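The exercises below ask you to read a protein model step by step. Try each task on the structure before you turn to its solution.

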Amino acid sequence: MTFSEDKRQFRYVDPLNEDFKHLECPLCKDPLEDPIVEPSCRNMVCRSCFETSPEFIKNSVCPICSKKCETIDQTTIPIFITKLLDNLRVKCKVCNSEQEIRRADFTNHAENFCKTQCKLGCGECLTKPQVQSHNQICKKFPVECSAKKLMCKWTGIREDLEEHEKKCIYFGLENALSFILEKLSMLEEKQNVTNSNLTTFKEKFDSKFPK
Ligand SMILES: [Zn+2]
Ligand SMILES: [Zn+2]
Ligand SMILES: [Zn+2]
Ligand SMILES: [Zn+2]
Ligand SMILES: [Zn+2]
């Protein structure tokens, strides 16, 4: 889990106090995110800050102590540090909610609870899981005329569909046509029954009066 500076969707509720200053990344000056330990100077740095630093990318050196650093140390960060970082309080910048969230729970908030305005512009606020079902009713969602299969080429947004269908000639035609098609299929069914009765009758007749 990494959050790059410009894309970070939260802000910290409290700045780190003196006791916790050592949990600050020497590069971005914010609380560490997914920290690594640089083997030469043994500083902890956010993984993304380290990996994207020009010193490391261009010259494979540590941006803090300037010593050679070919690969990033896989040293496991002690659990109490991870816990301290996980427990930092943040507020979401996306939904602008006043709710305080544990930093470790932020991804869950963003995926399941963070509400943003419908991108289609209907004005509703939705969580990510709600978007899919909302599209079925959103009045700004792009739709086609119900008489599309009768060649109506109209497309528009859902709130204009009713108005369109009131004056769409194809739509009016569709109702009449579906009535006729239904009648036709009933007739076909009757015809089939008659045909099969006829076959049975003919078989009986042939057996009684062989040629
Ligand atoms: Zn950093
Ligand atoms: Zn270093
Ligand atoms: Zn949010
Ligand atoms: Zn909408
Ligand atoms: Zn139409």
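**Exercise 1: Two loop residues**

Task: Find the loop that holds N96, and decide whether N96 is buried or exposed.

Solution: We begin with the place of the residue in the chain, and here N96 sits in the loop that runs between β4 and β5. This is a predicted model, and in it the phi angle of N96 is near 60 degrees, which is a positive value in a residue other than glycine.

Because D34 has 16 C-beta neighbours inside 10 Å, it counts as partly exposed.

**Exercise 2: The sheet around β4**

Task: Work out in what order the 3 strands of the open sheet are arranged, and which strands lie at its edges.

Solution: The order is β1-β4-β5, and the pairing is antiparallel. The edge strands are β1 (10–12) and β5 (101–102), each of which pairs on one side only. As background, strands of a sheet pair through backbone hydrogen bonds, either parallel or antiparallel.

Next we follow the pairings one at a time. Between β1 and β4 there are 3 bridges, and Y12 stands opposite V90 of β4. Strand β4 (residues 89–92) is joined to β5 by 2 bridges; here V90 has I101 as its bridge partner in β5, while R89 stands opposite R102. Finally, looking at the two faces of β4, we find V90 and C92 on the covered face, with R89 and K91 on the uncovered one.

**Exercise 3: A buried residue**

Task: Explain why V45 is classed as buried, and name residues with which V45 is in contact.

Solution: V45 is part of strand β3 (residues 44–46). The cut-off for a buried residue is 20 or more other C-beta atoms within 10 Å, and V45 is buried because it has 26 of them within that distance. If its neighbours within four places in sequence are left aside, the contacts of V45 include C25, L27, I36 and F50.

**Exercise 4: Helix α7 and the whole protein**

Task: Find how many residues of α7 are buried, and then consider the overall extent of the protein.

Solution: Helix α7 (residues 169–208) has 40 residues and reaches 58 Å from its first C-alpha to its last, close to the 58 Å expected at 1.5 Å a residue. Of these residues the number buried is 0, so the helix lies largely in the open.

Turning to the whole, the protein has 7 helices and 9 strands. Its radius of gyration is 34 Å, well over the 17 Å that the globule rule gives for 211 residues, so the protein is more spread out than a compact globule. The C-alpha trace spans about 110 × 50 × 35 Å along its principal axes, and V45 and S196 are 84 Å apart, C-alpha to C-alpha. Of the 211 residues, 11% count as buried.

Methods
Residues numbered from 1 in each chain as written. Chains lettered and ligands numbered in written order. Predicted model: local features only at pLDDT ≥ 70, side-chain atom pairs only at ≥ 80, totals over all residues. Pairing = 2+ DSSP bridges. Helix = DSSP H or I, 4+ residues; strand = E, 2+ residues; numbered from the N terminus. Expected span 1.5 Å × (residues − 1). Buried ≥ 20, exposed ≤ 12 C-beta atoms within 10 Å, placed from the backbone. Contact = placed C-beta atoms within 7 Å. Rg over C-alpha atoms; globule rule 2.2 N^0.38 Å.
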